[in-house]
Structures are given as C-alpha cells and as structure tokens.
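Work through the following exercises with the structure open beside you, and try each task before reading its solution.

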Amino acid sequence: MNSKINNKGFVKEQYKDDTGLLIRKKIHEKYSANKQGFGNWLFEIIDLPSEGRILELGSGNGDFWFNNFHQLNDSVQLTVSDFSNGMVGKMKKKFEDLDVTVRQIDIQEIPFDDNSFDVIIANAMLYHVPDMEKALAEVNRVLKPNGKFYTSTFGENGLSSFISTSLSEVGVRVSEESNYTFTLQNGSKLLSNHFGEVERLDYEDSLLVTKVQDLVDYIFSMTSMNGLTSENYDQIYEFFEKKMQSEGVIEIPKEYGSFISMK
Ligand SMILES: C[S@@+](CC[C@H](N)C(=O)[O-])C[C@H]1O[C@@H](n2cnc3c(N)ncnc32)[C@H](O)[C@@H]1O
C-alpha cells in the first residue's frame, strides 16, 4: 500500500532525530489513564532469556532498553538498532558506557546469520516498513527456532482515528486508512504468513488531556507524515480549545498492544 507512513523518504525525515518522538511520548506520559505506562507493560510481557542474544529493530532513541538494561542478565547480549543515522547517533551516545551493541539496520535486510536471536523486538515501527513481507521474512530468518518476536502497534480505533475525525470536522482532510499498514486488527494475519504461532495482547488505556497545546503539539509533530501546514494551526487549536471549554477535559481513546510470534 502506498502512503506516507511507509514511504522511506518521509519516514527518514520524520525520524532524522527524536524531537517529534519525544513530543509524542510526553502526551502519553502526562495524560494516560493507565499509570503502568505502555513501555513498562511491553517490558513485562517479554519472556527474558537468562542467556543468549536479544535484537531490537527500529529502537528510535533507545529509551526502551536504556530504561530496562539493568534487568538483563550479564550473559545476555543486547543489540539495539535503527535505520536512521540520527537515532543511531543518539543511541551510540546513550549506550557508550554500557555493554550494548548499537547498529544501523533496516529491518528489510538484517545483517545477521540465520537463527541468531532468542528474542527480537520491533516496537511501533512495522507500520513504517515498505516491504512488510521482506521484513517479516528477515525477522523469521534470524530468530532462533524457539525464539520469540515481540512487535507492538496501534489499533484502528484509537488516537490516530480520533485525530483524523477531529481534523475532518475542522475541514482538514488527512488520509487515515492508508496509515493502517500494520495494526492490532490486521497484524495477526500479516504475522501468520511467516510465524506458526501469533498471540495478540491488548493494553487498556485512554488519554485525558487537559491542555490543548500538548494535543496540538502532538498533531504537529507528525507534519511530514500528515501533510499539515502552519495555515491549519489556528483552526485546529481553536477547535480543541472549544471542545476543552465545553467538556472540561478531552478524552481520547487509545488502542495499543503487542503481538508475540513464534516460528
Ligand atoms: C515510532 S518510532 C518507534 C521508536 C521506538 N521503537 C519506540 O517504540 O519508541 C519508529 C522507529 O522506526 C524506525 N524505522 C522506520 N523504518 C525502519 C526500517 N525499515 N528499519 C529499521 N528502522 C526503521 C524509525 O527511524 C523510528 O526510529
């Protein structure tokens, strides 16, 4: 499917550094009803090996493992990676004092031997990949026979659907369906083409936003993807300001979860 969400140029532009990512993380940290936090939940569902190798793909700024590295046994070897230069640079700095390998890797061409990893993780990134079949075949190839592949994503009835509906009420059209390249709804089917066992786990949550600026910053942190321009800014701000005044709080559904796959 052709869309900006999995167009290499747009994705590279979006993730040349972690500015947008940090803005989007902030809204979840500040306003999520579920105080466990999605990252903590994602870590909790991982069946950590006591030895062996872990590979994370599309690690972004590396926070997932930076926050959890201390929970790993010394005999586990961790590799974090991303295809963006900027993210790899951030991670090299972040992990310089830790025994972690940082690599620049495109999930569609993983530079490791067959059956190399006990655990592979790809959080919130598969929907950006142009050739899903190639990416999943690569993950399957480098995963050990009893290894597990964990991949989180969003659902079709959560935050992004709320934003598209709100923007269309403002009169701004952003395409939504074409962003659904890998969701909680279609992920099982896509993964089942490559893995024998696929399990879906859902994380219950919603956002209770009390400051319009944070929501507008979130929406405008993705302009290279959603095509919004500064001309739309005031309209969008006013729309949410009115909503906030009439409702006191803007409640936004969240639909996030993860798949656990085995060969
Ligand atoms: C939404 S961010 C998620 C970052 C991190 N996993 C997290 O959950 O915070 C998506 C990341 O995937 C990376 N990415 C996109 N396409 C990729 C590809 N084909 N191979 C490897 N990384 C990719 C981007 O550079 C970006 O850092």
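A salt bridge is a side-chain nitrogen of Lys or Arg within 4 Å of a carboxyl oxygen of Asp or Glu. The model examined here is a predicted one, and a search of the whole structure finds ten salt bridges.

**Exercise 1.** Decide why Lys 26 and Asp 214 count as a salt bridge, and find where the two residues lie.

*Solution.* The first step is to compare the distance with the cut-off: the N to O separation of the two side chains is 3.5 Å, and the pair counts because a salt bridge requires a nitrogen within 4 Å of a carboxyl oxygen. Finally, Lys 30 joins Lys 26 and Asp 214 in a network of salt bridges.

**Exercise 2.** Describe the salt bridge between Lys 144 and Asp 118, and then the one between Glu 138 and Arg 141.

*Solution.* In the pair of Lys 144 and Asp 118, the closest N and O atoms are 3.1 Å apart. Lys 144 is in strand 5 (residues 143–154) and Asp 118 in strand 4 (residues 117–123), so this bridge ties together parts that are 26 residues apart in sequence. Lys 144 is partly exposed, its relative accessible area being 28%.

Turning to the other pair, the side chains of Glu 138 and Arg 141 meet at 2.8 Å, N to O. Both residues lie in helix 6 (residues 132–142), where they are three residues apart, about one turn of the helix. Glu 138 is buried, at 13% relative accessible area, and Arg 141 is partly exposed, at 24%.

**Exercise 3.** Find which residues have the most contacts inside the largest nonpolar core, and trace the contacts of Phe 149.

*Solution.* The largest nonpolar core has 52 residues, and Ile 107, Leu 126 and Phe 149 are those with the most contacts inside it. Helix 9 (residues 212–220) supplies the largest share of this core, namely six residues. Once neighbours within four places in sequence are left aside, the contacts of Phe 149 include Ile 120, Leu 126, Leu 143, Phe 195 and Phe 259. Apart from this core lies another, of 23 residues, among them Trp 41, Phe 64, Trp 65 and Val 102.

How values were computed:
Residues are numbered from 1 along each chain as its sequence is written. This is a predicted model: local features need pLDDT of at least 70, side-chain atom pairs count only at pLDDT 80 or more; totals for chains, interfaces and linings use all residues. Side-chain values use heavy atoms; hydrogens and water are left out. A nonpolar core is a set of buried Ala, Val, Leu, Ile, Met, Phe, Trp, Tyr and Cys residues joined through side-chain atoms within 4.5 Å. Buried means under 20% relative accessible area, exposed over 50%, partly exposed in between (1.4 Å probe, protein chains only). Helices (H or I, at least four residues) and strands (E, at least two) are DSSP runs, numbered from the N terminus. Contact means heavy atoms within 4.5 Å.
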